[in-house]
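Colleague: I am new to this structure and would like to learn how to read it. Please take one feature at a time.

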Amino acid sequence: MKELIIGGYTIEPGSKSKIELSVAKLYTDAEVSLPIKVFRGKKDGPTLFISAAVHGDELNGIEIIRRLMNQKNFEVIRGTVIAVPMVNIYGVVNQSRYMPDRRDLNRSFPGSSQGSLAARVAHIFLTEIVSHCDYGIDLHTGAIHRSNLPQIRADLSDEKTKELALAFGVPVVLNSTLVDGSLRESAVANKTKVLLYEAGEALRFDELSIRAGLKGVTNVLNNLGMIKKTAKKKTTTPYIANSSGWLRANASGFVSQKIKLGDQIVKGDSLAEIGSPYGDIINTVKATRSGILIGMQNIPLVQEGEAMFHIAYFSEDDDTIAEHIETVQEQLLPDYDS
Ligand SMILES: [Zn+2]
């Protein structure tokens, strides 16, 4: 079996280790480190990282990793799982998407050991973690005051990435190109196949997003034969979106939303009314294409040009997909209405 060294520590087969990867101190002289847990099976197999909070205010992923590791029966039998719940540790401390130098860590890859603070953290994460990995799952949420329907984004032109994206088992899979400077771009350059999970909103725990994410990560580990197979549960049919787009505000004012995440949208539908503070309706935001609502702004105030609704476009029948999304939501949160 190949030797695995992280942060100067050798990880033995059949072991569980907790490692603290040192990064720059705070100016208060307090030490800062990235906490990492490594689960190495006795048998040889793939190495996979699960990362969260690359954007420091995106908390659902931290909770997904916490629940995964606390499962009584969680055991890696083949290969290695490296869990990094808080990649942008500074952002988590400050409840901020960004690094203390106001850079976006997910635009600072591959980084360098002599670069900015963001570049240094990116470099450490890439060399200490990603460089060992065949696969990765990067957990995100929408930005602040924006919610996402649970969805996987991945480069579906790669066969194995596509297989894992579908195995994750959320209803919507978005074929997405690589963003410059992102973790995913650098990981792919390292030949690591990466899924990006997007669900919920920044600075919130969203139960549906957490449950769907936990199930998804488990499904991927199952697909790769890394954990003991659990009893087969109902599987979800994922639908692949060919493209997606944001619908923007056509006026400034107060918003009255007409739709919720996962809803089917038909071209010409009224999605929101934008009104003045005195109550007159200034404009109606209408769908320009049919699709499914996968992301939306939650603040009921908009300025003209602001992104309001993120809509995924499919080649399949949209109402089948919307119905399916609703069923999946009911399965994950059976007592949601009580
Ligand atoms: Zn993010």
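Modeller: Begin with burial: a residue is buried under 20% relative accessible area, exposed over 50% and partly exposed in between, using a 1.4 Å probe and protein chains only. The model is predicted, so local features need pLDDT of at least 70 and side-chain atom pairs count only at pLDDT 80 or more, whereas totals for chains, interfaces and linings use all residues. Residues are numbered from 1 along each chain as its sequence is written, and side-chain values use heavy atoms, with hydrogens and water left out.

Colleague: Is Ala53 buried or exposed?

Modeller: Ala53 has a relative accessible area of 0%, so it is buried. Its backbone also deserves a look: phi is positive, about 55°, although the residue is not a glycine. The general idea is that most residues other than glycine have a negative phi, and most peptide bonds are trans. Ala53 sits in the loop between β5 and α1. In such names, helices (H or I, at least four residues) and strands (E, at least two) are DSSP runs, numbered from the N terminus.

Colleague: Which other residue has a positive phi although it is not a glycine?

Modeller: Lys191 has a positive phi of about 70°. It belongs to the loop between α5 (183–189) and β10. Lys191 is exposed, because its relative accessible area is 70%.

Colleague: Which peptide bond is cis?

Modeller: The one from Phe109 to Pro110, with omega near 0°. Pro110 is in the loop between α2 and α3 (117–128).

Colleague: How should I read the pairing of strands?

Modeller: Two strands pair if DSSP finds at least two bridges between them. Take strand β16 (residues 291–297): 7 of its 7 residues are buried, so the rest of the structure largely encloses it. Strand β8 (residues 146–154) pairs with β16 in the antiparallel sense over 3 bridges, and Ser147 stands opposite Met296 in β16. Strand β13 (residues 264–265) also runs antiparallel to β16, joined by 2 bridges; there Ile265 has Gly291 as its bridge partner. A further 4 bridges join β16 to strand β18 (residues 307–314), again antiparallel, with Gly295 opposite His310 in β18.

Colleague: How many residues of strand β4 are buried?

Modeller: In β4 (residues 32–40), 7 of the 9 residues are buried, so this strand is largely enclosed by the rest of the structure. β4 pairs with strand β3 (residues 16–23) over 8 bridges in the antiparallel sense, and Leu21 has Leu34 in β4 as its bridge partner.

Colleague: What is the order of the open sheet of 4 strands?

Modeller: The order is β15-β14-β12-β17, with antiparallel pairing. The edge strands, β15 (281–286) and β17 (301–302), each pair on one side only. Within this sheet, strand β14 (residues 270–275) and β15 share 5 bridges, and Ile274 has Asn283 in β15 as its bridge partner.

Colleague: At what angle do helix α4 and helix α6 pack?

Modeller: Axes are lines fitted to C-alpha atoms, for helices over the stretch in contact, and angles run from 0 to 180 degrees between N-to-C directions. Helix α4 (residues 159–168) packs on helix α6 (residues 207–223) at about 135°, with the axes 8 Å apart. Angles under 35 degrees count as roughly parallel, over 145 as roughly antiparallel, 65 to 115 as roughly perpendicular and the rest as oblique. α4 and α6 are therefore oblique to each other. Contact means heavy atoms within 4.5 Å. On the α4 side it is made by Lys160, Glu163, Leu164, Ala167 and Phe168, while the α6 residues include Ala212, Val217 and Val220.

Colleague: What covers the buried residues of α1?

Modeller: In helix α1 (residues 60–70), the buried residues are Asn60, Gly61, Ile62, Glu63, Ile64, Ile65 and Leu68. Their cover includes β5 (43–52), β6 (78–84), α2 (89–94), β7 (135–140), β10 (193–200) and α6.

Colleague: Where does His324 lie?

Modeller: His324 is in helix α7 (residues 318–332). It is buried, with a relative accessible area of 17%. Leaving aside neighbours within four places in sequence, His324 is in contact with Pro171, Thr236, Thr237 and Tyr239.
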